[in-house]
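Good morning. Please look at the picture first.

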Amino acid sequence: MIKKNNKIMVCISPDERQREIMVCELAVRVGLAVVRSDARKIMKHSIYDIDTSLAYFVLCHTFNFRESPLTTQRLYELAARGIAVIVGVKKLPHEYEILSEVFYPEQL
């Protein structure tokens, strides 16, 4: 089981299918689901499919840090409060690396 830091857990892969598998695997490792198929049921495609004001956790496999700075700030606030935030991205901008816990396909 992975200890959850107060950072956004970021799965980096250019392949969308690979990101989905990685997000599901992390959800299992932090205890949000028992198996990957359970995690797939609670995961959303985009961050805009999640009401972040009411969320107990955030799981999405397609996210862009530069698309909406306000949404990115909201995710960091959720993570800082101890809420599990796991997102998949194609690439992570350099300025967000310090605030993120990064995972690559080889690690999972």
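Start with the helix called α1. Its buried residues pack against β1 (8-12), α2 (36-42), β3 (57-62), β4 (84-89) and β5 (100-103). Keep in mind that this is a predicted model.

Which residues of α1 are buried? They are Arg19, Glu20, Met22, Val23, Cys24, Glu25, Leu26, Ala27 and Val30. Note that charged types, Arg19, Glu20 and Glu25, are on that list. As background, an α-helix has 3.6 residues a turn, so residues three or four places apart point the same way.

Next, the length of α1. The helix covers residues 16-30, which is 15 residues, and at 1.5 Å a residue it should span 21 Å. The C-alpha atoms at its ends are 21 Å apart, so the two values agree. After α1 comes Gly31, with a positive phi near 95 degrees.

Now the whole protein. There are three helices and five strands, and from the N terminus the order is β-α-α-β-β-α-β-β.

How does the radius of gyration fit a compact globule? For 108 residues such a globule would be near 13 Å, and the protein has 12 Å, so this agrees. The C-alpha atoms fill a box of roughly 30 × 30 × 25 Å along the principal axes.

Of the 108 residues, 47% count as buried. Among contacts with a separation of 6 or more, 63% are between residues 24 or more positions apart.

Last, charges. The protein has 15 positive and 13 negative side chains, and the centres of these two sets lie 3 Å apart.

Conventions:
Residues numbered from 1 in each chain as written. Predicted model: local features only at pLDDT ≥ 70, side-chain atom pairs only at ≥ 80, totals over all residues. Heavy atoms only, no water. Helix = DSSP H or I, 4+ residues; strand = E, 2+ residues; numbered from the N terminus. Rg over C-alpha atoms; globule rule 2.2 N^0.38 Å. Buried < 20%, exposed > 50% of the residue type's maximum accessible area, 1.4 Å probe, protein only. Contact = heavy atoms within 4.5 Å. Charge placed at Lys NZ, Arg CZ, Asp CG, Glu CD. Expected span 1.5 Å × (residues − 1).
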